[in-house]
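Please work through the two exercises below with the sequence and the model at hand, trying each task before reading its solution.

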Amino acid sequence: MTKKRILTGDRPTGKLHLGHYFGSLQNRVQLQDKYETFVIVADWQALYDHLGDEKGRAVGQNVRECVLDNLAAGVNPAQATFFVQSEVPELAELTMIFQFLVTVARAKRNPTIKAEMISSGLVDSSAAPQDDAGWDQLADKINCGFLTFPISQAADILFCKADLVPVGEDQLPHIEQTREIARKFNRLFGETFPEPEGLVSATPRLRGLDGNAKMSKSLGNTINLSATPAEVDAAIKKAFSGEGHALGEYAELFGVDMKQFEKDGVVQMGKFKPALAAAINEFLEPMRARRAEWEAQPAKIRELLDTGRDRLRGIAQDTLAEVREKMGLKYKF
Ligand code: TRP
């Protein structure tokens with residue numbers, strides 16, 4: 001029996017952190033045996049709010065970081081296939097076609113687009129629109145690629161007819177939009193695309209070091225997967241420990257019994273925090289070892305992406321041949 005397929009991936013806008021690991025990477029690692037797994041490095045997606053700025057210019061570096069982070073986390077290139085979005089240009093053609101299936105109103109209604117408008121700095125979260133009309137006006141300010149990146153993400157997922165998409169919770173609206181696109185295409189042109197399922201992890205959203213509801217690089221409250229032991233120690237030492245802190249959640253995740261550090265019902269942070277930092281460091285240690293191996297042979301990362309590109313372009317070309325045929329975009333005179 002052929003294996004079912006997973007497609008998932010990341011925007012290369014910086015180093016991946018523990019939130020990414022528990023939100024999505026862990027599922028990739030756990031499911032790569034059972035599913036045929038494809039991992040996309042979505043470089044076009046890094047540009048919609050970073051064109052020409054520092055992060056936009058760092059995209060090359062971040063593509064490498066992103067692959068390294070995945071390899072370090074335990075995504076095994078003998079089982080999973082890595083590829084870079086822009087190196088499979090067939091994805092642009094499929095995006096072009098899918099754009100005809102989505103109204104502008106539907107594109108504007110994607111809640112993740114709204115959240116991204118805020119995190120990209122277009123509007124302060126305290127000044128976020130209160131109603132649809134306000135959002136509508138705001139959406140007039142973003143570029144077309146920003147508005148339609150979820151449609152391009154649908155192409156990322158559907159070109160290989162993925163069955164399952166392990167993602168962080170914030171990505172679920174994109175999966176919903178992808179399913180709508182698949183349904184609409186199938187209705188108009190005949191059964192072509194399966195409707196993929198999103199898969200959210202047991203820890204869909206890891207809290208930040210500052211106690212914020214989300215660990216996020218734009219909030220600067222992360223522990224990167226590539227953090228050194230000293231960086232982990234310092235981050236935990238500095239972590240917010242007041243009302244509503246995230247440390248209990250971390251303790252549970254990394255198997256530290258917080259109760260053990262209580263005295264008269266109060267957690268002794270001076271003792272608990274070093275124990276937590278040690279547990280996180282122990283968890284990251286095998287990742288550090290794998291990362292060091294790959295860092296020592298940079299040409300291998302390029303090789304792995306070359307292989308992935310060739311394989312995935314083949315798959316994309318087959319899907320597009322089918323799509324063009326079904327749409328009547330095939331001219332023999
Ligand atoms: N939008 C995803 C993120 O921000 C990255 C991504 C691009 C993706 N294409 C995808 C994720 C397809 C899952 C499936 O992390």
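This is a predicted model: local features need pLDDT of at least 70, side-chain atom pairs count only at pLDDT 80 or more; totals for chains, interfaces and linings use all residues.

Residues are numbered from 1 along each chain as its sequence is written, and side-chain values use heavy atoms, with hydrogens and water left out.

**Exercise 1.** Determine which residues come nearest to the ligand, and which side chains face its nitrogen atoms.

*Solution.* Begin with the shell of 14 residues around the ligand (a heavy atom within 4 Å), among which Ala 42, Gln 45, Gln 153, Asp 156 and Gln 171 come nearest. Next, look for N or O pairs within 3.5 Å, the limit for a polar contact: a ligand nitrogen is 2.7 Å from an N or O atom in the side chain of Asp 156, while for the side chain of Gln 45 the distance from a ligand nitrogen is 2.8 Å, and for that of Gln 153 it is 2.9 Å. Then consider cover: the ligand taken alone exposes 370 Å² (Shrake-Rupley method, 1.4 Å probe), of which the protein buries 90%. Finally, assign the shell to DSSP elements (helices of at least four residues, strands of at least two): strand 1 (5–10) and helix 9 (149–158) each give two or more residues, and strand 1 gives the most, with 4 residues.

**Exercise 2.** Describe how helix 1 and helix 3 pack, and which residues meet.

*Solution.* First take the geometry, with axes fitted to C-alpha atoms over the stretch in contact and angles running from 0 to 180 degrees: helix 1 (residues 18–31) and helix 3 (residues 59–73) pack at about 65°, their axes 9 Å apart. Then list the contacts (heavy atoms within 4.5 Å), in which Tyr 21, Leu 25, Arg 28 and Val 29 of helix 1 meet Asp 69, Asn 70 and Ala 73 of helix 3.

Terms used:
A polar contact is a pair of N or O atoms within 3.5 Å; within protein, one must be able to donate a hydrogen and the other to accept it, and residues adjacent in sequence count only if both atoms are side-chain atoms.
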